[in-house]
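Please keep the structure open while reading.

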Amino acid sequence: MSIEPIGFIVLLLGLLSMVNGARFAITTLCLSTLLGAAAALQLPALGGSSIQPSHLLVLFLVVAALLRPAQTQATLASMAYPGPGFWFAAYILFSVASSFFLPRIFAGATLVYSSARDTTGMMSTVAAPLSPGSSNLSQSVYLLGDLACFAVVSGLARLGYARFIALQLIVASIACFTLALIDIGTFLTDQSYLLDVIRNANYTMHTAETISGFKRIVGPFPEASTYGAVALAYFSFTLLLWLERVQSRVAGLATLFIGPTIVLCTSTTAYIAGIFVVCMFVLFCLKRLISGPAKTPHVTFLVITLFLIPCAIVALSLVPDAWNSIAGLMSTTLSDKLQSQSGEERTAWNTLALIAFVDTATFGAGLGTVRASSFIAALLSNVGLTGTLLFAAFLYSLARATGRHMSGDRETHAIGNAAVMASIAQVASAAISGSGTDLGLLFSTTAGLAAGCLATNTSPRRATRSLANRTPLEASASLMRAPMFSTR
(Lines give C-alpha, C1' and ligand atoms only; values in the text may rest on other atoms or scores of the structure.)
Protein backbone atom coordinates (compact mmCIF):
# COMPACT_ATOMS: atom_id res chain seq x y z
CA MET A 1 0.00 0.00 0.00
CA SER A 2 1.24 3.47 -0.87
CA ILE A 3 -0.13 6.83 0.24
CA GLU A 4 -0.49 9.51 -2.42
CA PRO A 5 0.23 13.18 -1.60
CA ILE A 6 -3.50 13.94 -1.57
CA GLY A 7 -3.88 10.98 0.81
CA PHE A 8 -1.98 12.79 3.56
CA ILE A 9 -4.39 15.73 3.24
CA VAL A 10 -7.34 13.35 3.43
CA LEU A 11 -5.94 11.68 6.55
CA LEU A 12 -5.52 15.08 8.20
CA LEU A 13 -9.10 16.04 7.31
CA GLY A 14 -10.27 12.69 8.67
CA LEU A 15 -8.60 13.29 12.02
CA LEU A 16 -10.10 16.77 12.17
CA SER A 17 -13.52 15.23 11.43
CA MET A 18 -13.22 12.99 14.46
CA VAL A 19 -12.39 15.97 16.65
CA ASN A 20 -14.79 18.55 15.23
CA GLY A 21 -17.77 16.25 14.78
CA ALA A 22 -20.61 15.85 12.32
CA ARG A 23 -20.63 19.26 10.63
CA PHE A 24 -16.96 19.14 9.62
CA ALA A 25 -17.18 15.45 8.65
CA ILE A 26 -20.23 15.95 6.41
CA THR A 27 -18.68 19.00 4.73
CA THR A 28 -15.47 17.16 3.84
CA LEU A 29 -17.37 14.05 2.72
CA CYS A 30 -19.70 15.95 0.36
CA LEU A 31 -16.80 17.80 -1.24
CA SER A 32 -14.64 14.67 -1.47
CA THR A 33 -17.29 12.83 -3.52
CA LEU A 34 -16.32 15.18 -6.35
CA LEU A 35 -12.80 13.71 -6.50
CA GLY A 36 -13.80 10.74 -8.62
CA ALA A 37 -10.47 10.56 -10.47
CA ALA A 38 -8.31 10.93 -7.37
CA ALA A 39 -6.64 8.25 -5.27
CA ALA A 40 -5.71 8.69 -1.63
CA LEU A 41 -4.24 5.19 -1.41
CA GLN A 42 -2.89 2.78 -4.01
CA LEU A 43 -3.18 -0.98 -3.38
CA PRO A 44 -0.94 -2.92 -5.79
CA ALA A 45 -1.70 -6.16 -3.92
CA LEU A 46 -5.36 -5.88 -4.98
CA GLY A 47 -4.76 -5.56 -8.69
CA GLY A 48 -3.74 -1.91 -8.52
CA SER A 49 -6.98 -0.78 -6.87
CA SER A 50 -7.23 2.88 -5.91
CA ILE A 51 -8.94 4.07 -2.74
CA GLN A 52 -10.68 7.37 -3.40
CA PRO A 53 -10.58 10.18 -0.82
CA SER A 54 -14.30 9.90 -0.14
CA HIS A 55 -14.08 6.21 0.73
CA LEU A 56 -11.22 6.87 3.12
CA LEU A 57 -13.14 9.71 4.79
CA VAL A 58 -16.13 7.43 5.39
CA LEU A 59 -14.03 5.53 7.91
CA PHE A 60 -13.45 8.70 9.91
CA LEU A 61 -17.13 9.69 9.56
CA VAL A 62 -18.16 6.39 11.14
CA VAL A 63 -15.63 6.75 13.96
CA ALA A 64 -16.82 10.31 14.62
CA ALA A 65 -20.40 9.03 14.93
CA LEU A 66 -19.40 6.13 17.19
CA LEU A 67 -17.66 8.54 19.58
CA ARG A 68 -21.00 10.31 20.16
CA PRO A 69 -23.70 8.09 21.76
CA ALA A 70 -26.69 10.02 20.39
CA GLN A 71 -25.37 9.77 16.84
CA THR A 72 -24.56 6.09 17.28
CA GLN A 73 -28.11 5.38 18.44
CA ALA A 74 -29.59 7.33 15.52
CA THR A 75 -27.30 5.53 13.07
CA LEU A 76 -28.45 2.11 14.27
CA ALA A 77 -32.09 3.21 14.29
CA SER A 78 -31.82 4.21 10.62
CA MET A 79 -31.55 0.53 9.67
CA ALA A 80 -34.62 -0.63 11.58
CA TYR A 81 -37.32 -2.67 9.86
CA PRO A 82 -39.30 -1.85 7.73
CA GLY A 83 -37.57 1.37 6.68
CA PRO A 84 -35.38 1.88 3.58
CA GLY A 85 -32.24 1.36 5.67
CA PHE A 86 -33.26 -2.20 6.51
CA TRP A 87 -33.65 -3.15 2.85
CA PHE A 88 -30.44 -1.35 1.87
CA ALA A 89 -28.54 -3.22 4.58
CA ALA A 90 -30.11 -6.52 3.50
CA TYR A 91 -29.12 -5.89 -0.13
CA ILE A 92 -25.52 -5.01 0.74
CA LEU A 93 -24.97 -7.82 3.24
CA PHE A 94 -26.38 -10.34 0.76
CA SER A 95 -24.10 -8.90 -1.95
CA VAL A 96 -21.04 -9.22 0.28
CA ALA A 97 -21.91 -12.83 1.12
CA SER A 98 -22.38 -13.58 -2.59
CA SER A 99 -18.89 -12.26 -3.38
CA PHE A 100 -17.35 -15.10 -1.37
CA PHE A 101 -19.58 -18.07 -2.16
CA LEU A 102 -21.00 -17.65 -5.68
CA PRO A 103 -17.74 -17.19 -7.67
CA ARG A 104 -16.51 -20.47 -6.17
CA ILE A 105 -19.77 -22.35 -6.60
CA PHE A 106 -20.13 -21.35 -10.26
CA ALA A 107 -16.42 -21.23 -11.17
CA GLY A 108 -16.01 -22.01 -14.88
CA ALA A 109 -19.77 -22.19 -15.46
CA THR A 110 -19.80 -19.34 -18.00
CA LEU A 111 -17.68 -16.70 -19.72
CA VAL A 112 -17.59 -13.18 -18.25
CA TYR A 113 -15.83 -9.87 -18.63
CA SER A 114 -14.15 -9.56 -15.26
CA SER A 115 -14.30 -6.45 -13.07
CA ALA A 116 -10.82 -7.17 -11.70
CA ARG A 117 -7.91 -4.94 -12.74
CA ASP A 118 -4.38 -6.02 -13.54
CA THR A 119 -1.26 -4.43 -12.05
CA THR A 120 -1.49 -1.54 -14.55
CA GLY A 121 -5.05 -0.73 -13.51
CA MET A 122 -6.57 -1.94 -16.78
CA MET A 123 -9.55 -4.26 -17.03
CA SER A 124 -9.42 -7.24 -19.34
CA THR A 125 -10.95 -6.79 -22.80
CA VAL A 126 -11.21 -10.55 -23.34
CA ALA A 127 -13.94 -12.75 -21.91
CA ALA A 128 -12.67 -15.44 -19.54
CA PRO A 129 -14.21 -18.30 -17.53
CA LEU A 130 -15.94 -17.19 -14.34
CA SER A 131 -13.59 -17.29 -11.35
CA PRO A 132 -12.94 -15.46 -8.05
CA GLY A 133 -10.82 -12.32 -8.25
CA SER A 134 -9.52 -9.33 -6.32
CA SER A 135 -12.59 -7.31 -7.31
CA ASN A 136 -14.76 -9.55 -5.11
CA LEU A 137 -12.97 -8.16 -2.05
CA SER A 138 -12.65 -4.56 -3.25
CA GLN A 139 -16.30 -4.30 -4.29
CA SER A 140 -17.38 -5.73 -0.95
CA VAL A 141 -15.37 -3.08 0.89
CA TYR A 142 -16.89 -0.35 -1.28
CA LEU A 143 -20.45 -1.54 -0.64
CA LEU A 144 -19.87 -1.80 3.10
CA GLY A 145 -18.58 1.78 2.97
CA ASP A 146 -21.78 2.77 1.14
CA LEU A 147 -23.86 1.18 3.88
CA ALA A 148 -21.89 2.95 6.63
CA CYS A 149 -22.26 6.30 4.84
CA PHE A 150 -26.01 5.75 4.36
CA ALA A 151 -26.55 4.85 8.01
CA VAL A 152 -24.56 7.77 9.44
CA VAL A 153 -26.12 10.38 7.12
CA SER A 154 -29.59 9.01 7.80
CA GLY A 155 -28.95 9.10 11.54
CA LEU A 156 -27.69 12.69 11.40
CA ALA A 157 -30.76 13.71 9.41
CA ARG A 158 -32.93 12.21 12.14
CA LEU A 159 -31.09 14.34 14.71
CA GLY A 160 -31.85 17.55 12.83
CA TYR A 161 -28.83 17.94 10.55
CA ALA A 162 -30.93 17.68 7.36
CA ARG A 163 -30.80 21.38 6.52
CA PHE A 164 -27.02 21.48 7.05
CA ILE A 165 -26.44 18.37 4.89
CA ALA A 166 -28.63 19.86 2.15
CA LEU A 167 -26.60 23.05 2.22
CA GLN A 168 -23.35 21.09 1.84
CA LEU A 169 -24.76 19.25 -1.18
CA ILE A 170 -25.66 22.61 -2.72
CA VAL A 171 -22.13 23.86 -2.09
CA ALA A 172 -20.76 20.67 -3.64
CA SER A 173 -22.89 21.24 -6.75
CA ILE A 174 -21.40 24.72 -7.16
CA ALA A 175 -17.92 23.23 -6.67
CA CYS A 176 -18.76 20.65 -9.35
CA PHE A 177 -19.60 23.49 -11.76
CA THR A 178 -16.40 25.33 -10.84
CA LEU A 179 -14.25 22.26 -11.51
CA ALA A 180 -15.97 21.85 -14.88
CA LEU A 181 -14.95 25.41 -15.79
CA ILE A 182 -11.39 24.69 -14.67
CA ASP A 183 -11.38 21.52 -16.79
CA ILE A 184 -12.43 23.49 -19.88
CA GLY A 185 -10.01 26.33 -19.15
CA THR A 186 -6.98 24.09 -18.64
CA PHE A 187 -7.83 22.15 -21.81
CA LEU A 188 -8.10 25.27 -23.97
CA THR A 189 -4.80 26.64 -22.61
CA ASP A 190 -2.93 23.29 -22.72
CA GLN A 191 -2.51 23.36 -18.95
CA SER A 192 -4.38 20.14 -18.17
CA TYR A 193 -1.41 18.88 -16.16
CA LEU A 194 -2.47 21.27 -13.39
CA LEU A 195 -5.28 18.84 -12.54
CA ASP A 196 -3.00 15.80 -12.35
CA VAL A 197 -3.00 16.07 -8.56
CA ILE A 198 -6.70 15.08 -8.54
CA ARG A 199 -6.39 12.71 -11.49
CA ASN A 200 -3.91 10.29 -9.99
CA ALA A 201 -6.15 7.21 -9.65
CA ASN A 202 -5.28 4.01 -11.47
CA TYR A 203 -8.09 4.48 -14.02
CA THR A 204 -8.15 5.12 -17.75
CA MET A 205 -8.57 8.89 -18.09
CA HIS A 206 -10.62 10.37 -20.95
CA THR A 207 -9.83 13.98 -20.16
CA ALA A 208 -8.84 15.36 -23.57
CA GLU A 209 -11.55 14.01 -25.86
CA THR A 210 -13.73 16.08 -28.17
CA ILE A 211 -16.93 15.33 -30.10
CA SER A 212 -18.05 17.42 -33.08
CA GLY A 213 -15.81 20.26 -31.93
CA PHE A 214 -17.14 20.18 -28.35
CA LYS A 215 -14.77 19.43 -25.47
CA ARG A 216 -16.12 16.55 -23.40
CA ILE A 217 -16.49 17.95 -19.89
CA VAL A 218 -15.08 15.58 -17.28
CA GLY A 219 -14.34 17.97 -14.41
CA PRO A 220 -12.72 16.02 -11.53
CA PHE A 221 -13.85 12.64 -12.93
CA PRO A 222 -12.22 10.15 -15.33
CA GLU A 223 -14.79 10.51 -18.12
CA ALA A 224 -17.71 12.59 -19.32
CA SER A 225 -20.40 10.02 -18.48
CA THR A 226 -19.40 10.04 -14.80
CA TYR A 227 -19.42 13.82 -14.68
CA GLY A 228 -22.81 13.92 -16.41
CA ALA A 229 -24.34 11.44 -13.95
CA VAL A 230 -23.05 13.36 -10.90
CA ALA A 231 -24.06 16.74 -12.33
CA LEU A 232 -27.54 15.40 -13.08
CA ALA A 233 -27.90 14.21 -9.48
CA TYR A 234 -26.95 17.65 -8.14
CA PHE A 235 -29.26 19.32 -10.68
CA SER A 236 -32.19 17.17 -9.52
CA PHE A 237 -31.50 17.93 -5.87
CA THR A 238 -31.10 21.70 -6.21
CA LEU A 239 -33.98 22.05 -8.68
CA LEU A 240 -36.52 20.46 -6.33
CA LEU A 241 -35.29 22.59 -3.44
CA TRP A 242 -35.80 25.68 -5.62
CA LEU A 243 -39.27 24.50 -6.63
CA GLU A 244 -40.19 23.96 -2.99
CA ARG A 245 -38.61 27.27 -1.90
CA VAL A 246 -36.11 25.66 0.45
CA GLN A 247 -32.75 27.45 0.40
CA SER A 248 -34.29 28.90 -2.75
CA ARG A 249 -31.70 31.55 -3.61
CA VAL A 250 -28.59 29.43 -3.35
CA ALA A 251 -30.39 26.33 -4.71
CA GLY A 252 -31.67 28.31 -7.69
CA LEU A 253 -28.18 29.67 -8.35
CA ALA A 254 -26.69 26.17 -8.19
CA THR A 255 -29.37 24.86 -10.58
CA LEU A 256 -28.66 27.68 -13.01
CA PHE A 257 -24.93 26.89 -12.92
CA ILE A 258 -24.98 23.10 -13.12
CA GLY A 259 -27.77 22.75 -15.72
CA PRO A 260 -25.84 24.04 -18.77
CA THR A 261 -22.83 21.84 -18.02
CA ILE A 262 -25.08 18.76 -18.35
CA VAL A 263 -26.09 19.91 -21.83
CA LEU A 264 -22.48 20.65 -22.81
CA CYS A 265 -20.80 17.58 -21.29
CA THR A 266 -21.55 15.47 -24.43
CA SER A 267 -22.51 12.43 -22.34
CA THR A 268 -25.06 10.04 -23.80
CA THR A 269 -25.81 8.85 -20.27
CA ALA A 270 -26.58 12.38 -19.08
CA TYR A 271 -28.79 13.13 -22.08
CA ILE A 272 -30.98 10.03 -21.84
CA ALA A 273 -31.21 10.07 -18.04
CA GLY A 274 -31.76 13.84 -18.17
CA ILE A 275 -34.83 13.43 -20.38
CA PHE A 276 -36.23 10.95 -17.86
CA VAL A 277 -35.51 13.32 -14.95
CA VAL A 278 -37.08 16.32 -16.69
CA CYS A 279 -40.21 14.26 -17.39
CA MET A 280 -40.40 13.38 -13.68
CA PHE A 281 -40.19 17.06 -12.75
CA VAL A 282 -42.84 18.01 -15.31
CA LEU A 283 -45.21 15.42 -13.83
CA PHE A 284 -44.36 16.63 -10.32
CA CYS A 285 -45.15 20.25 -11.22
CA LEU A 286 -48.33 19.30 -13.06
CA LYS A 287 -49.49 17.36 -10.01
CA ARG A 288 -48.84 20.40 -7.83
CA LEU A 289 -50.63 22.62 -10.31
CA ILE A 290 -53.69 20.37 -10.37
CA SER A 291 -53.96 19.25 -6.75
CA GLY A 292 -51.92 22.01 -5.08
CA PRO A 293 -50.34 23.70 -3.39
CA ALA A 294 -48.57 25.09 -6.49
CA LYS A 295 -46.04 27.89 -6.16
CA THR A 296 -44.63 30.35 -8.66
CA PRO A 297 -41.49 28.19 -9.28
CA HIS A 298 -43.67 25.24 -10.34
CA VAL A 299 -45.43 27.36 -12.96
CA THR A 300 -42.12 28.89 -14.05
CA PHE A 301 -40.57 25.46 -14.60
CA LEU A 302 -43.56 24.30 -16.67
CA VAL A 303 -43.39 27.43 -18.82
CA ILE A 304 -39.66 26.97 -19.41
CA THR A 305 -39.80 23.25 -20.26
CA LEU A 306 -43.07 23.17 -22.20
CA PHE A 307 -42.90 26.52 -24.01
CA LEU A 308 -39.59 28.41 -23.90
CA ILE A 309 -37.27 25.46 -24.63
CA PRO A 310 -39.32 24.27 -27.67
CA CYS A 311 -39.36 27.88 -28.94
CA ALA A 312 -35.60 28.13 -28.47
CA ILE A 313 -35.08 24.91 -30.45
CA VAL A 314 -37.22 26.25 -33.30
CA ALA A 315 -35.30 29.53 -33.27
CA LEU A 316 -31.98 27.66 -33.26
CA SER A 317 -33.03 25.71 -36.35
CA LEU A 318 -33.15 29.02 -38.24
CA VAL A 319 -29.38 29.48 -37.71
CA PRO A 320 -27.79 26.81 -40.00
CA ASP A 321 -24.26 26.82 -38.53
CA ALA A 322 -25.42 26.52 -34.92
CA TRP A 323 -28.08 23.97 -35.81
CA ASN A 324 -25.64 21.78 -37.74
CA SER A 325 -23.21 21.79 -34.81
CA ILE A 326 -25.91 20.82 -32.32
CA ALA A 327 -27.39 18.23 -34.69
CA GLY A 328 -23.94 16.69 -35.22
CA LEU A 329 -23.40 16.46 -31.48
CA MET A 330 -26.79 14.84 -30.90
CA SER A 331 -26.23 12.40 -33.76
CA THR A 332 -22.81 11.35 -32.44
CA THR A 333 -23.85 10.96 -28.81
CA LEU A 334 -27.28 9.41 -29.36
CA SER A 335 -28.16 7.86 -32.71
CA ASP A 336 -24.62 6.77 -33.67
CA LYS A 337 -23.55 5.64 -30.19
CA LEU A 338 -24.51 1.98 -30.55
CA GLN A 339 -22.62 1.69 -33.85
CA SER A 340 -19.39 3.03 -32.32
CA GLN A 341 -16.62 0.80 -30.97
CA SER A 342 -17.57 1.83 -27.43
CA GLY A 343 -21.20 0.97 -28.11
CA GLU A 344 -20.31 -2.46 -29.47
CA GLU A 345 -18.08 -3.21 -26.49
CA ARG A 346 -20.76 -2.20 -24.01
CA THR A 347 -23.35 -4.29 -25.84
CA ALA A 348 -21.02 -7.29 -25.59
CA TRP A 349 -20.57 -6.69 -21.85
CA ASN A 350 -24.32 -6.63 -21.25
CA THR A 351 -24.90 -9.68 -23.43
CA LEU A 352 -22.40 -11.82 -21.54
CA ALA A 353 -23.67 -10.45 -18.22
CA LEU A 354 -27.23 -11.57 -18.99
CA ILE A 355 -25.95 -14.94 -20.23
CA ALA A 356 -24.10 -15.32 -16.91
CA PHE A 357 -27.37 -14.60 -15.08
CA VAL A 358 -29.02 -17.49 -16.93
CA ASP A 359 -26.02 -19.85 -16.69
CA THR A 360 -25.88 -19.40 -12.91
CA ALA A 361 -29.57 -20.36 -12.59
CA THR A 362 -30.49 -16.73 -11.67
CA PHE A 363 -28.26 -16.85 -8.54
CA GLY A 364 -25.65 -14.56 -10.09
CA ALA A 365 -21.89 -14.92 -10.25
CA GLY A 366 -21.16 -12.99 -7.05
CA LEU A 367 -20.49 -9.34 -6.30
CA GLY A 368 -17.56 -7.93 -8.29
CA THR A 369 -17.28 -10.91 -10.64
CA VAL A 370 -19.01 -9.65 -13.80
CA ARG A 371 -18.54 -6.34 -15.59
CA ALA A 372 -21.53 -4.94 -17.47
CA SER A 373 -22.58 -1.65 -19.01
CA SER A 374 -25.89 -1.26 -17.23
CA PHE A 375 -26.67 -1.24 -13.53
CA ILE A 376 -29.62 -3.55 -14.16
CA ALA A 377 -27.49 -6.09 -16.05
CA ALA A 378 -24.79 -5.77 -13.37
CA LEU A 379 -27.31 -6.47 -10.61
CA LEU A 380 -28.74 -9.55 -12.31
CA SER A 381 -25.36 -11.02 -13.27
CA ASN A 382 -23.54 -10.32 -10.00
CA VAL A 383 -26.09 -10.71 -7.19
CA GLY A 384 -28.80 -12.54 -9.09
CA LEU A 385 -32.54 -12.34 -8.74
CA THR A 386 -32.45 -12.24 -4.94
CA GLY A 387 -30.10 -9.27 -4.76
CA THR A 388 -32.03 -7.44 -7.48
CA LEU A 389 -35.31 -7.89 -5.60
CA LEU A 390 -33.72 -6.64 -2.37
CA PHE A 391 -32.50 -3.50 -4.13
CA ALA A 392 -35.94 -3.02 -5.71
CA ALA A 393 -37.52 -3.31 -2.24
CA PHE A 394 -35.13 -0.62 -0.99
CA LEU A 395 -35.99 1.74 -3.86
CA TYR A 396 -39.72 1.11 -3.41
CA SER A 397 -39.47 1.78 0.34
CA LEU A 398 -37.56 5.02 -0.34
CA ALA A 399 -39.97 6.25 -3.01
CA ARG A 400 -43.03 5.26 -0.96
CA ALA A 401 -41.82 7.40 1.93
CA THR A 402 -42.25 10.57 -0.18
CA GLY A 403 -46.01 10.12 -0.21
CA ARG A 404 -46.32 9.47 3.51
CA HIS A 405 -48.10 12.17 5.50
CA MET A 406 -45.52 14.04 7.54
CA SER A 407 -46.23 15.67 10.86
CA GLY A 408 -42.77 17.29 10.98
CA ASP A 409 -41.72 20.53 9.38
CA ARG A 410 -42.30 21.20 5.66
CA GLU A 411 -38.67 22.03 4.96
CA THR A 412 -37.39 18.65 6.15
CA HIS A 413 -39.96 16.88 3.99
CA ALA A 414 -38.93 18.93 0.95
CA ILE A 415 -35.26 18.11 1.52
CA GLY A 416 -36.18 14.42 1.73
CA ASN A 417 -38.08 14.61 -1.56
CA ALA A 418 -35.16 16.40 -3.22
CA ALA A 419 -32.79 13.68 -2.01
CA VAL A 420 -35.10 11.00 -3.42
CA MET A 421 -35.10 12.77 -6.79
CA ALA A 422 -31.29 12.91 -6.75
CA SER A 423 -31.13 9.20 -5.87
CA ILE A 424 -33.51 8.25 -8.68
CA ALA A 425 -31.48 10.34 -11.12
CA GLN A 426 -28.35 8.38 -10.16
CA VAL A 427 -30.11 5.05 -10.60
CA ALA A 428 -31.38 6.20 -14.02
CA SER A 429 -27.84 7.16 -15.09
CA ALA A 430 -26.40 3.88 -13.80
CA ALA A 431 -29.11 1.89 -15.60
CA ILE A 432 -27.75 3.30 -18.87
CA SER A 433 -24.00 2.94 -18.40
CA GLY A 434 -23.16 1.65 -14.90
CA SER A 435 -20.48 -1.06 -15.02
CA GLY A 436 -21.10 -2.49 -11.54
CA THR A 437 -23.47 -2.61 -8.59
CA ASP A 438 -21.74 0.14 -6.58
CA LEU A 439 -23.68 3.38 -7.04
CA GLY A 440 -21.12 5.35 -5.05
CA LEU A 441 -21.03 7.47 -1.94
CA LEU A 442 -23.02 10.35 -3.43
CA PHE A 443 -25.93 7.95 -3.85
CA SER A 444 -25.51 6.71 -0.28
CA THR A 445 -25.47 10.32 0.95
CA THR A 446 -28.63 11.38 -0.90
CA ALA A 447 -30.45 8.13 -0.13
CA GLY A 448 -29.46 8.34 3.53
CA LEU A 449 -30.59 11.96 3.69
CA ALA A 450 -33.92 10.99 2.14
CA ALA A 451 -34.42 8.08 4.55
CA GLY A 452 -33.58 10.25 7.55
CA CYS A 453 -35.79 13.17 6.49
CA LEU A 454 -38.77 11.02 5.54
CA ALA A 455 -38.65 8.76 8.61
CA THR A 456 -41.67 8.97 10.87
CA ASN A 457 -39.67 10.23 13.83
CA THR A 458 -37.70 13.11 12.34
CA SER A 459 -39.76 16.02 13.61
CA PRO A 460 -37.83 18.46 15.82
CA ARG A 461 -40.46 18.26 18.54
CA ARG A 462 -40.07 14.50 18.86
CA ALA A 463 -36.27 14.73 18.82
CA THR A 464 -36.49 17.29 21.60
CA ARG A 465 -38.73 14.99 23.65
CA SER A 466 -36.21 12.15 23.25
CA LEU A 467 -33.50 14.40 24.64
CA ALA A 468 -35.73 15.32 27.57
CA ASN A 469 -35.98 11.65 28.55
CA ARG A 470 -32.19 11.34 28.99
CA THR A 471 -30.07 12.20 31.97
CA PRO A 472 -29.21 15.90 32.19
CA LEU A 473 -25.55 15.29 31.36
CA GLU A 474 -26.29 13.16 28.26
CA ALA A 475 -28.98 15.56 27.02
CA SER A 476 -26.67 18.52 27.41
CA ALA A 477 -23.90 16.80 25.49
CA SER A 478 -26.30 15.82 22.70
CA LEU A 479 -27.68 19.32 22.37
CA MET A 480 -24.16 20.68 22.06
CA ARG A 481 -23.47 18.25 19.20
CA ALA A 482 -26.76 18.75 17.36
CA PRO A 483 -27.58 21.81 15.25
CA MET A 484 -30.42 24.19 16.03
CA PHE A 485 -33.65 23.08 14.40
CA SER A 486 -35.06 25.34 11.73
CA THR A 487 -38.37 27.03 12.44
CA ARG A 488 -39.08 27.84 8.82
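## Cysteines

Cys453 is buried, its relative accessible area being 0%. The model discussed here is a predicted one. Cys265 also has a relative accessible area of 0% and is buried.

How many disulfides does the structure hold? The number is 0. For Cys265, the closest cysteine sulfur belongs to Cys176 and lies 9.9 Å away, which is too far for a bond. A disulfide would need the two sulfur atoms within 2.5 Å.

## Overall make-up

The chain contains 17 helices and 7 strands. It has 488 residues, of which 53% count as buried. Among contacts with a separation of 6 or more, 73% are between residues 24 or more positions apart.

## The three-stranded sheet

Three strands form an open sheet in the order E1-E2-E3, and their pairing is antiparallel.

E1 and strand E2 (residues 41–43) run antiparallel and are joined by 2 bridges. Within E2, Gln42 is the bridge partner of Ser2.

## Packing of H4 against H6

Two packed helices are described by the angle between their axes and the distance between the axes. For helix H4 (residues 69–77) and helix H6 (residues 134–188), the axes come within 7 Å and cross at roughly 115°. The crossing of H4 past H6 is right-handed.

On the H4 side, the contact is made by Ala70, Gln71, Ala74, Thr75 and Ala77. H6 contributes Ala151, Val152, Gly155, Leu156, Arg158, Leu159 and Tyr161. Sorted by class, the residues in this contact of H4 with H6 are 8 nonpolar, 3 polar and 1 charged.

Leu441 is located in helix H15 (residues 441–453). Is its side of the chain buried or exposed? Leu441 is buried, with a relative accessible area of 3%; the cut-off for buried is under 20%.

Leu441 and Val58 are 383 residues apart along the chain, yet their C-alpha atoms are separated by 8.8 Å. Leaving out residues up to four places away in sequence, Leu441 touches Thr33, Ser54, His55, Val58, Gly145, Asp146 and Cys149.

## Backbone exceptions

Most residues other than glycine have a negative phi, and most peptide bonds are trans. Where does the chain have a cis peptide bond? One joins Tyr81 and Pro82, with omega about 5°. Pro82 sits in the loop between H4 and helix H5 (84–105).

Ala361 is not a glycine, but its phi is positive, at about 60°. Thr362, likewise not a glycine, has a positive phi of about 70°. Ala361 lies in the loop between helix H12 (341–359) and helix H13 (375–401), and Thr362 is also found in the loop between H12 and H13. Ala361 is partly exposed, with a relative accessible area of 44%. Thr362 counts as partly exposed as well, at 36% relative accessibility.

Note on methods:
Residues numbered from 1 in each chain as written. Predicted model: local features only at pLDDT ≥ 70, side-chain atom pairs only at ≥ 80, totals over all residues. Heavy atoms only, no water. Pairing = 2+ DSSP bridges. Helix = DSSP H or I, 4+ residues; strand = E, 2+ residues; numbered from the N terminus. Buried < 20%, exposed > 50% of the residue type's maximum accessible area, 1.4 Å probe, protein only. Axes fitted to C-alpha atoms, helices over the stretch in contact; angles between N-to-C directions. Left-handed = near helix turned anticlockwise from the far one by under 90°. Contact = heavy atoms within 4.5 Å. Nonpolar A, V, L, I, M, F, W, Y, C, P; charged D, E, K, R; others polar.
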